[in-house]
Amino acid sequence: MQDESETGKLAIPELAVQTPSQLQFISEVESALARTSERPCYRVDTSCNVAVLVLNRPRRCNAFSLEMLTLLRDELNELKAREDIDGLMIVGKGNAFCSGLDLDEAMQPGVAGGDPPGLEMVRLVVEILRQIMTQRQYVVAVGQRVARGGGAALMCLADYKIVDIPFTLAFPEAKLGFDSSLLRPFLSRLVGPRDYKTLCSGTPVNSWSAKKMGLVDEVTKTEELVVKVGLRCYFFGDIMKSVRSLNMRDRDEFLPSRQELKDAVELHWRSWSSPKAQKRIREFLDGKR
């Protein structure tokens, strides 16, 4: 039988014993999540050679603001140069992983004739998704409760995804009236045609459906989420380095070209700017207020 570690996937035994290093890692992750910060995205480097990136807008379900996206991009760029960091965990503070773009901010007009913030936010989301696919660290996404739009894509492109049982994943772009072309370069590489059609229709999927589609690797109870990640702490050792190199080869094969992504952004933004999409977005925002 072929070892899963030779195929770019980690073999995951059920761990009954919590070692001191695992307990230490759990404590450091809990401390990272409990930290008070004004930054919408911050990083904590743990003693286990794992960086924890925290999406920190809990009152907005960790929706992407322009500032958060800029910080996230910069943190990922900095980590690429860190040979002492083997693993990267991305987690949202509060009761959501990430609810996608902050539409209130994205709908604002541009300043002094410049591009509207929504266009720059879309460009940054695409840049970050490409960064995740080329990141030198093994990326683990910890999904709690909800992930939508660009936040769902960010989670799905991680090497290993662990979510809680009430978790819901959705790509609501179609329901808001704009083209799903922005997702195509990424989702079409992750799922088959039938699942791709379901996702792009805006239909939400739960934890188990996402796992069946191959978008999620592990499902657990909310109260066990951080502990389960801690019990997987041994990922961030030598085995992770070998699996990461295998995954990098896979990523290179499926990595969208920059021209493909540029075309996707332009098509997406044209549909976003249409009167139909603008009307639906405003109705959606009015319904939330």
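Before we turn to that part, what percentage of the residues in the chain is buried?

Mentor: Please keep in mind that this is a predicted model; in it, buried residues make up 53% of the chain's 289 residues. The chain has twelve helices and nine strands, and the part I would pick out is helix H5, residues 149–156, together with helix H4, residues 117–134, whose axis comes within 9 Å of that of H5 and crosses it at roughly 10°. Because angles under 35 degrees count as roughly parallel, that crossing makes H4 roughly parallel to H5. On the H4 side the contact is made by Val125, Ile128, Leu129 and Ile132, while H5 contributes Gly150, Ala153 and Leu154.

Six strands form an open sheet in the order E1-E2-E3-E4-E6-E9, with mixed pairing, and its edge strands are E1 (41–45) and E9 (218–220), each of which pairs on one side only. From one strand to the next the twist averages 20°. Within the sheet, strand E2 (residues 50–55) pairs with strand E3 (residues 87–92) in the parallel sense over six bridges, and Val54 stands opposite Val91 in E3. H5 packs on this sheet by touching E3, E4 (138–143) and E6 (160–164), and its direction makes about 125° with that of E6.

How values were computed. Residues numbered from 1 in each chain as written. Predicted model: local features only at pLDDT ≥ 70, side-chain atom pairs only at ≥ 80, totals over all residues. Heavy atoms only, no water. Axes fitted to C-alpha atoms, helices over the stretch in contact; angles between N-to-C directions. Helix = DSSP H or I, 4+ residues; strand = E, 2+ residues; numbered from the N terminus. Parallel < 35°, antiparallel > 145°, perpendicular 65-115°, else oblique. Contact = heavy atoms within 4.5 Å. Buried < 20%, exposed > 50% of the residue type's maximum accessible area, 1.4 Å probe, protein only. Pairing = 2+ DSSP bridges.
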